[in-house]
Amino acid sequence: GSDPYRWGPLNRALHHNLYHEIACRPCEHFRCPIGHLCALSVTPDEVLAHANELLQHERKEAFAALCAA
(Lines give C-alpha, C1' and ligand atoms only; values in the text may rest on other atoms or scores of the structure.)
Protein backbone atom coordinates (compact mmCIF):
# COMPACT_ATOMS: atom_id res chain seq x y z
CA GLY A 1 0.00 0.00 0.00
CA SER A 2 1.02 3.50 -0.67
CA ASP A 3 1.48 6.05 2.08
CA PRO A 4 -1.99 6.80 3.54
CA TYR A 5 -0.85 10.18 4.85
CA ARG A 6 0.35 11.24 1.41
CA TRP A 7 -2.39 9.72 -0.72
CA GLY A 8 -5.28 9.39 1.72
CA PRO A 9 -8.33 11.65 1.97
CA LEU A 10 -7.68 15.29 2.78
CA ASN A 11 -10.39 15.48 5.45
CA ARG A 12 -9.04 12.94 7.93
CA ALA A 13 -11.63 13.92 10.51
CA LEU A 14 -14.36 12.69 8.19
CA HIS A 15 -12.56 9.90 6.28
CA HIS A 16 -10.46 7.24 7.99
CA ASN A 17 -7.91 4.78 6.60
CA LEU A 18 -7.56 1.39 8.23
CA TYR A 19 -4.46 -0.61 7.34
CA HIS A 20 -1.72 -2.73 8.83
CA GLU A 21 1.90 -1.72 8.84
CA ILE A 22 3.96 -4.37 7.10
CA ALA A 23 7.64 -4.42 6.11
CA CYS A 24 7.11 -3.35 2.50
CA ARG A 25 5.02 -0.24 3.26
CA PRO A 26 4.88 2.27 1.74
CA CYS A 27 5.37 0.77 -1.68
CA GLU A 28 5.52 2.10 -5.21
CA HIS A 29 3.97 -0.92 -6.97
CA PHE A 30 1.03 -0.50 -9.32
CA ARG A 31 0.15 -4.15 -8.66
CA CYS A 32 1.02 -5.65 -5.30
CA PRO A 33 3.47 -8.55 -5.64
CA ILE A 34 2.46 -10.07 -2.29
CA GLY A 35 -1.31 -9.66 -2.31
CA HIS A 36 -2.17 -6.38 -0.52
CA LEU A 37 -1.52 -7.70 2.99
CA CYS A 38 -1.56 -4.15 4.35
CA ALA A 39 -5.24 -3.81 3.44
CA LEU A 40 -6.46 -7.39 3.49
CA SER A 41 -5.10 -7.93 7.01
CA VAL A 42 -7.69 -5.50 8.37
CA THR A 43 -10.38 -7.68 9.93
CA PRO A 44 -14.13 -7.06 9.99
CA ASP A 45 -13.88 -6.85 13.79
CA GLU A 46 -11.34 -4.02 13.49
CA VAL A 47 -13.62 -2.17 11.08
CA LEU A 48 -16.60 -2.58 13.39
CA ALA A 49 -14.58 -1.48 16.43
CA HIS A 50 -13.45 1.65 14.61
CA ALA A 51 -16.99 2.38 13.44
CA ASN A 52 -18.26 1.99 17.02
CA GLU A 53 -15.59 4.43 18.27
CA LEU A 54 -16.75 6.99 15.70
CA LEU A 55 -20.39 6.48 16.65
CA GLN A 56 -19.60 6.90 20.36
CA HIS A 57 -17.80 10.15 19.59
CA GLU A 58 -20.77 11.39 17.56
CA ARG A 59 -23.19 10.49 20.37
CA LYS A 60 -21.10 12.36 22.94
CA GLU A 61 -20.99 15.46 20.74
CA ALA A 62 -24.74 15.30 20.09
CA PHE A 63 -25.46 14.89 23.80
CA ALA A 64 -23.18 17.81 24.69
CA ALA A 65 -24.93 19.99 22.13
CA LEU A 66 -28.31 19.03 23.55
CA CYS A 67 -27.21 19.85 27.10
CA ALA A 68 -25.80 23.21 25.99
CA ALA A 69 -29.08 24.22 24.33
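A: From the N terminus on, the protein chain runs α-α-α. Helices here are DSSP runs of H or I with at least four residues, strands are runs of E with at least two, and both are numbered from the N terminus. The chain is more spread out than a compact globule, because its radius of gyration is 16 Å, well over the 11 Å that the globule rule gives for 69 residues. That radius is taken over C-alpha atoms, and the rule is 2.2 Å times the number of residues to the power 0.38.

Q: How many strands?
A: Zero strands, and three helices.

Q: What's the ground rule on confidence and numbering?
A: This is a predicted model: local features need pLDDT of at least 70, side-chain atom pairs count only at pLDDT 80 or more, and totals for chains, interfaces and linings use all residues. Residues are numbered from 1 along each chain as its sequence is written, and side-chain values use heavy atoms, with hydrogens and water left out.

Q: What box do the C-alpha atoms fill?
A: Roughly 55 × 25 × 15 Å, along the principal axes.

Q: And how much of the chain is buried?
A: Buried residues are 9% of the 69. Buried means under 20% relative accessible area, exposed over 50%, partly exposed in between, with a 1.4 Å probe and protein chains only.

Q: What share of the contacts join residues at least 24 apart?
A: 35%, among contacts between residues at least 6 apart in sequence. A contact means heavy atoms within 4.5 Å.

Q: Switching to the loop between α1 and α2. Where is the cis peptide bond?
A: It joins R25 and P26, with omega about -15°. P26 is found in that loop, between α1 and α2.

Q: What about the phi of H36?
A: Positive, about 55°, although H36 is not a glycine. H36 also has its place in the loop between α1 and α2.

Q: How accessible is H36?
A: H36 has a relative accessible area of 43%, so it is partly exposed.

Q: And E28, buried or exposed?
A: E28 counts as exposed, because its relative accessibility is 75%. E28 is in the loop between α1 (4-7) and α2 (37-40).

Q: How far is E28 from S2?
A: They are 26 residues apart in sequence and 6.5 Å apart in space, C-alpha to C-alpha.
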